[in-house]
Amino acid sequence: MKFVRLGEPGRERPAVIDDQGLTRDLTALTADLDGAFWASDGTARTRQALADGALPVLEAAGLRLGPPVARPGAVICVGQNYAAHAAESGSTPPERPVIFLKPPNTVVGPYDEVLIPRNSVKTDWEVELAVVIGKRVSYLDSPEHALEHVAGYTVSNDVSERDFQIEHSGGQWSKGKAAATFNPLGPYLVPADEVPDPQKLRLRSFVNGEPRQDSSTADMIFSVAHLLYDLSQYLVLDPGDVVNTGTPEGVALSGRFPYVRGGDVMEIEIEGLGRQRQVLR
Ligand code: MN
């Protein structure tokens with residue numbers, strides 16, 4: 001089962017792709033894939049409605065895929081959560097999770113254009129496992145039950161402008177992470193209980209068809225469960241919020257690859273969660 005949102009920006013409608021690959025309209029259950037839907041057992045209700053044959057088939061051909069979650073209240077990002085990426089960025093691995101913020105209006109669909117910001121010379125890609133929150137996360141006692149708060153997982157491109165991030169920032173990275181269109185999400189959300197182990201997923205990126213990143217979420221310094229536990233000591237995560245869990249090595253910041261330019265194509269993929277593709281403009 002895969003959750004999707006179909007239609008023009010701001011007017012997407014919720015749908016689910018069933019196990020036969022048919023796209024089915026979810027508007028009988030919810031107006032959108034938002035925090036209220038996840039917090040009210042949306043996944044279980046969708047499964048029941050599918051079993052009851054209650055969801056009509058939707059003709060999806062030709063419809064734009066939006067991000068698979070409605071505008072989140074917050075997009076929390078984890079920095080340097082893979083040791084080899086910390087090294088290529090010139091840093092030692094952190095002893096505690098490092099976080100920064102992306103404005104929620106950076107979130108766009110998985111095949112939407114990505115705009116190179118004005119005065120950018122160092123626009124870069126970052127494939128990441130994105131966690132969508134299903135139940136409020138606050139002051140967890142341990143990482144042990146943290147994953148019970150996850151609605152599902154999707155693919156995220158934490159697009160970054162390295163001069164803005166490093167030279168213009170005073171050490172606070174968000175300036176280089178916040179430009180319009182800088183967070184493609186999708187193509188779909190897979191419910192948490194259909195991802196047996198979020199720490200065993202291969203994640204890859206490509207530019208113009210050439211391989212860039214190729215790693216595994218097994219290489220995270222802090223697991224998804226640990227990240228939610230740690231974040232919950234400092235902030236509240238609400239249903240529908242998104243956590244980008246960090247990127248592995250193989251970005252342009254390493255010096256091994258050129259930064260992207262207008263006309264280039266980024267492709268970002270996670271095993272079992274699908275592939276997204278953006279043309280830069
Ligand atoms: Mn990142």
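1. Let's start with the salt bridges: the rule used here counts 22 of them. Keep in mind as you read that this is a predicted model.

2. R281 is exposed, with a relative accessible area of 55%, and E113 is partly exposed, at 39%.

3. One more pair to click on is R256 with E249. They form a salt bridge in which the closest N and O atoms are 3.9 Å apart. The cut-off for a salt bridge is 4 Å, so this pair still counts. E249 is partly exposed, with 38% relative accessibility.

4. Some salt bridges join up into a network. Which residues are linked in it? They are K102, D124, E126, D158, R162 and K177. Hold on to E126 and D158, as both come back in the next point.

5. Here is the metal site. The manganese ion is coordinated by E126 (OE), E128 (OE) and D158 (OD), at 2.0 to 2.1 Å. Along the chain, these donors follow the spacing E-x1-E-x29-D. E126 lies in the loop between β7 (123-124) and β8 (127-133), and D158 in the loop between β9 (150-157) and β10 (160-161), so the pair ties together parts that are 32 residues apart in sequence. Both E126 and D158 are buried.

6. Zoom out to the domains. The chain is divided into domain 1 (2-51) and domain 2 (75-279). Taken over C-alpha atoms, the centres of the two domains are 24 Å apart. How many residues of each are in contact? Eight residues of domain 1 touch 13 residues of domain 2. About 850 Å² is buried between the two domains, and carbon and sulfur atoms give 61% of that area.

7. What holds charges and polar groups together across this interface? The rule finds two salt bridges between domain 1 and domain 2. The interface also has three residue pairs in polar contact. On the domain 1 side, β1 (2-6), α1 (35-39) and α2 (42-51) each supply at least two of the residues that touch domain 2. As a further pair to look up, D193 forms a salt bridge with R47, their closest N and O atoms being 2.8 Å apart.

8. Finally, have a look at helix α5 (residues 224-231). Is this helix mostly covered or mostly open? Mostly covered: six of its eight residues are buried. The buried ones are V224, A225, L227, L228, D230 and L231. Among the elements that cover them are β4 (75-79), β5 (98-102), β8, β9 and β15 (242-244).

Methods. Residues are numbered from 1 along each chain as its sequence is written. This is a predicted model: local features need pLDDT of at least 70, side-chain atom pairs count only at pLDDT 80 or more; totals for chains, interfaces and linings use all residues. Side-chain values use heavy atoms; hydrogens and water are left out. Donors are N, O and S atoms within 2.8 Å of the metal (3.2 Å for Na, K and Ca); water is not among the atoms, so sites may look incomplete. Helices (H or I, at least four residues) and strands (E, at least two) are DSSP runs, numbered from the N terminus. Buried means under 20% relative accessible area, exposed over 50%, partly exposed in between (1.4 Å probe, protein chains only). Domain bounds come from an automatic or database domain assignment. Contact means heavy atoms within 4.5 Å. Buried area is the accessible area (1.4 Å probe) that two parts lose on being put together, summed over both. A salt bridge is a side-chain nitrogen of Lys or Arg within 4 Å of a carboxyl oxygen of Asp or Glu. A polar contact is a pair of N or O atoms within 3.5 Å; within protein, one must be able to donate a hydrogen and the other to accept it, and residues adjacent in sequence count only if both atoms are side-chain atoms.
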